[in-house]
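Student: I'd like a close look at a single part of this model, with whatever lies around it. Please take me through it slowly, one neighbour at a time.

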Amino acid sequence: MIGRAFVFINFKQAAHLGHIGWGFKLDGYDRYLFGSTDHLIHHEMHDLMAWLRYASVPVGADVDYWSQEGTLSTMMDIMKSGNHIRYHHYKAFPVQNAKPKDAMQAAAASGAGGWHVLQNNCVHQTYNLLNTYGAELPEPPPLIRGIGLIPRVWFNNVKGELGELRPPSTPGL
């Protein structure tokens, strides 16, 4: 099956380092699975201990994972204005020999797989999920070259057709 994958970005999240979401075409006509591990802030900004706990979430704990199935139009509408992080742009690209069933399992696993700022963040999770789907993406770099872990930087290195969902300057994001 020839598939299609999407990498979404919100440029304002994580102190303007960005946040990544994902989407991919399922078997059949105009069906997509899309979502993210939003890992939202649920603590006071001045709480240092909460920030330390926030940096590493254990496997099985809540990481604000969500996913949804819908048409291409539904996916685009929800990614730009849904009840979660709202995304500004995306990159779309074809995937030869797509494996949607494997990617669906990888998506469910990412929701239960914890989160870590340097080893299992939104870049790693999106890379692993879409790599399982069959996409060719830039591999998240090792910590020694950690700038590539920054979602903005990683997104810029993804090859694909750039699309805009909403301008980053939109109020309320």
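Tutor: Let's start with a word we'll need throughout: a contact means heavy atoms within 4.5 Å. The model is predicted, so to speak of local features we ask for pLDDT of at least 70, and side-chain atom pairs count only at pLDDT 80 or more, while totals for chains, interfaces and linings use all residues. Residues are numbered from 1 along each chain as its sequence is written, and side-chain values use heavy atoms, leaving out hydrogens and water.

First, some orientation. The protein chain contains 6 helices and 8 strands, where helices (H or I, at least four residues) and strands (E, at least two) are DSSP runs numbered from the N terminus. Read from the N terminus, the elements follow the order β-α-β-β-α-β-β-α-β-α-β-α-α-β. Of its 173 residues, 47% count as buried, with buried meaning under 20% relative accessible area, exposed over 50%, and partly exposed in between (1.4 Å probe, protein chains only). Among contacts between residues at least 6 apart in sequence, 72% join residues at least 24 apart.

The part I'd pick is strand S3 (32-37). It is mostly covered, with 6 of its 6 residues buried. Tyr-32, Phe-34 and Ser-36 point one way from S3, and Leu-33, Gly-35 and Thr-37 point the other way.

Now for the partners of S3, where two strands pair if DSSP finds at least two bridges between them. On one hand, S3 pairs with S2 in the antiparallel sense over 4 bridges, and Leu-33 is the bridge partner of Phe-24. On the other, S3 pairs with strand S5 (residues 65-70), again antiparallel, over 6 bridges. Here Ser-36 has Trp-66 as its bridge partner.

The hairpin of S2 and S3 has 6 residues between the strands, and its Gly-28 takes a positive phi near 95°. Asp-30 also sits in the loop between S2 and S3. Its phi is near 50°, a positive value in a residue other than glycine. Asp-30 counts as partly exposed because its relative accessibility is 23%.

Stepping back, S3 belongs to an open sheet of 6 strands in the order S5-S3-S2-S1-S6-S8, with antiparallel pairing. S5 and strand S8 (161-164) stand at the edges with a single partner strand each, so one side of each has no neighbour in the sheet. Neighbouring strands are turned by 20° against each other on average, direction ignored. At the S8 end, 4 bridges join strand S6 (residues 89-95) to S8, and Ala-92 stands opposite Glu-161.

Helix H4 (residues 100-112) lies across S2, S3 and S5, running at about 150° to S2; axes are lines fitted to C-alpha atoms, for helices over the stretch in contact, and angles run from 0 to 180 degrees between N-to-C directions. In helix H3 (residues 72-81), the buried residues are Met-75, Met-76, Ile-78 and Met-79. These buried residues of H3 pack against S1, S2, S3, S5 and S6.

The structure holds 1 cavity of 30 Å³ or more. The largest cavity has a volume of about 40 Å³, a volume being the space filled by probe spheres set on the points, which are joined across faces, edges and corners. Its lining includes Ser-36 and Thr-37, along with Ile-20, Trp-22 and Ser-110. S2 (19-25), S3 and helix H5 (122-133) each supply at least two lining residues, and H5 gives the most, with 4 residues. Among the residues in the lining are Cys-122, Gln-125, Thr-126 and Leu-129. The lining divides into 4 nonpolar, 5 polar and no charged residues; here Ala, Val, Leu, Ile, Met, Phe, Trp, Tyr, Cys and Pro count as nonpolar, Asp, Glu, Lys and Arg as charged, and the others, Gly among them, as polar.

Terms used: On a 1 Å grid over the protein atoms alone, a cavity is a set of points where a 1.4 Å probe fits but cannot get out, and a pocket is an open set with protein on both sides within 12 Å along at least five of seven lines; lining residues have an atom within 4 Å of a point.
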